[in-house]
Structures are given as C-alpha cells and as structure tokens.
Amino acid sequence: MMIYLLAWLIALFSVQPVLATIYWAESAGSNSIACTSIDSTSPDDDPGVYGTIGRAANCATQPGDRVYILPGTYTSSNHKIDTETTTPNFASGTSESVRMIISGVPGMARPQINVTSPFIQFRGNATANTRNWVTIENLNVTDTSVGSGGSCIFQVIGNHIRIQHANIADAWSEAICTHRADVVPVTSDLHLNDLHVTNPGRDGLGYSLYGSGTDDVLVENSYLEGLQQVLQFTSSVPGQFPKRPVIRNNYLKGLNHNGLCNGIASESPGTLVYNNIFEGCTGGATNGAAIVIGYNGNQGQSLEAYNN
C-alpha cells in the first residue's frame, strides 16, 4: 500500500510539460495589442484578435513559444522580426524538442509576406542578439526592397536553425545569409529543406545561401537559383572556414553575373555534394562550373561529390 501511495505522490507532484503558447498574427493585426489577447495553447483555438508578425514575435518570450501567421498578404514594416533593432523579446529554444517556431498556420494556405529585407534577422554585436533552436516554415516571402536599402531576406546568426517549406523570391542580395562583417559568426547546424528560391541578387550579386563561417549546413530537397553562385561557403574572417556542408537532392540553377556563374563555391573542409541536378548558367556566362572547391584561392580543402 505504501508503495502505491508513494508512486501516486510522485506522479502528482512531478513537473508536467508546459504546453507551448501560440501568438497569432494577421495582416491587419495590431502592433500594440496585449500579448494575452492574441495567445492560445492550441492551433484549433484561434483567439479571434491578432497582432502584427513583429508584435507576435515580441510576445514569444519563453522557450517553445510559437508565432502563427494567418493566410493573407503582409506588407507593413511591422510584419518583420529583428532581434537587433527592436526590443529583442523573441526567445531562443533550448533543445530539439523545445524549439521556437515561426510558421504559417498548419493546414491553411501559406501567408504571402511582401516586405523589404531583412524579413527575419537574428544578429547583433553580442550573442544575446542571436537566436538558437528556431524553426521557420510554411511561408511565402518576397523582397520588395528598391535602391540600396536591401539585404538578405533571412539573416540568421545562431545555432540549430531550420528554414523549410517556403518560397523565397526577389532577394535584394541573398535569400539566406549567416554572416555579418563586424562580428564573428557563431552559426552552426543550419538546415534548409524544401525551399523554392528564385531571382536572388537584384543588387547584382546574390545567392540562395551565403554560408559564411557556418558549420554543419544541410541543404536538401530544394529548387535554388543564384547569381554568380547558387550556394557559397566561405570564411568571414581569415582562417575561419565553414566545415562539413552537405548539399543533396536539390535542383540548382545558375544565373549569369558579368560572365561568371557557379553552382556551388566552397572553401569548406568536408564538403559533401550528391544527388543534385545543376542547370547551366543563363545569359551567356563564359566562366564557371557546377562545383568549385578551394574558392577565393583557399586551396587544400576536401570535397566528395557523386551522382550529380
């Protein structure tokens, strides 16, 4: 009897898992609404009132919180997430099972986000402004930048970041980048899956991914275009080469930039490239290759490529 009583008490007072809090965004949402007005604990429990994407992200202050973005077209600058220039309340996750999630609502049409780049920016002069264990998914994003004001659509410095199930169009420079010139990147374990990236580099020099100083990148199951390079893995500071990128099961299409066009340009040791299709460069490029190793004159790096 005592054993059963003890087991019951242990079960009663054990810490129970906390349900993730969902904060909801809508194209006409408020940028100042109370967080408690736009939250729920179930995707089936729509609160009926909503914030902007930026407001919902600033409400997501606990590991495991989610930002759900309803179908619609988003054009305001309040529909952006920036941990450097706005109040950096958006939290990091803590593990694979406790991820932050920014997503279209599961089972609904993807939202169409038409904003100037960057749309999402995890970066800063200190690691406090980076974010870890974040999943970004189920979105359509188009860069509307004009002139010299654009940058990467997703500038993500942090660890264990996933970007998946998304269409990314018209990036002013790169669709996704993991670098910043004035800080040493701290990015590792970046996973890109099921992306459709078109027309990056309206500034004249752009890639689907500029992976600077980023270890353990996995790019898979995606259609990717690039101007000059589709994918580039390079060092942001002397000697800091990104390590072990894996590129598999993709369709990579090169676009012409001043006669130069490469599919993958890598100065990363341990580069692995397999089961990809490379489409030749358009626009009369005269110099380029599907895969370039030892890019920027950094020779002696290792690459394994097969079945491309």
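Author: What follows is a short tour, from the whole chain down to single residues. Keep in mind that this is a predicted model.

Reader: OK. How many helices and strands are in the protein?

Author: The protein has two helices and 24 strands.

Reader: And how much of the protein is buried?

Author: Of the 308 residues, 51% are buried. The accessible surface is about 13,100 Å², and carbon and sulfur atoms account for 53% of that surface.

Reader: Which contacts count for 75% of those with a separation of 6 or more?

Author: Those between residues 24 or more positions apart.

Reader: Let's talk sheets. What is the order of the open sheet of eight strands?

Author: The order is β5-β8-β10-β12-β14-β17-β20-β23, and the pairing is parallel.

Reader: Which strands stand at the edges?

Author: β5 (81-82) and β23 (291-293). Each has a single partner strand, so one side of each has no neighbour in the sheet.

Reader: What holds strands of a sheet together as pairs?

Author: Strands pair through backbone hydrogen bonds, in a parallel or antiparallel way.

Reader: How many bridges join β8 to β10?

Author: Three, between residues 120-122 of β8 and residues 154-156 of β10, and the two strands run parallel. Phenylalanine 122 has valine 156 in β10 as its bridge partner.

Reader: What about β11, is it mostly covered or open?

Author: Mostly covered: β11 spans residues 159-169, and eight of its 11 residues are buried.

Reader: Which strands does β11 pair with?

Author: Strand β9 (residues 134-143) pairs with β11 in the parallel sense over eight bridges. Strand β13 (residues 188-198) is joined to β11 by nine bridges, also parallel. Asparagine 140 stands opposite asparagine 167 in β11, while glutamine 164 has asparagine 193 in β13 as its bridge partner.

Reader: Switching topic. How many residues has the largest nonpolar core?

Author: It has 57 residues. Those with the most contacts inside the core are Ile102, Phe119, Phe122, Phe154, Ile176 and Leu231.

Reader: What does isoleucine 102 touch?

Author: Leaving out residues up to four places away in sequence, its contacts include Val67, Ile69, Ile81, Phe90, Ile120 and Phe122. Val134 and Ile136 are also among them.

Reader: Last one. Where is glutamate 174, and is glutamate 174 buried or exposed?

Author: Glutamate 174 is in the loop between β11 and β12 (176-177). Glutamate 174 counts as buried because its relative accessibility is 9%, and the cut-off is under 20%. Its side chain makes a polar contact with the side chain of serine 173, at 3.2 Å.

Note on methods: Residues numbered from 1 in each chain as written. Predicted model: local features only at pLDDT ≥ 70, side-chain atom pairs only at ≥ 80, totals over all residues. Heavy atoms only, no water. Pairing = 2+ DSSP bridges. Helix = DSSP H or I, 4+ residues; strand = E, 2+ residues; numbered from the N terminus. Buried < 20%, exposed > 50% of the residue type's maximum accessible area, 1.4 Å probe, protein only. Contact = heavy atoms within 4.5 Å. Areas by Shrake-Rupley, 256 points an atom, 1.4 Å probe, with all protein chains shown as cover. Core = buried A, V, L, I, M, F, W, Y, C linked by side-chain atoms within 4.5 Å. Polar contact = N/O pair within 3.5 Å; in protein donor to acceptor, adjacent residues only side chain to side chain.
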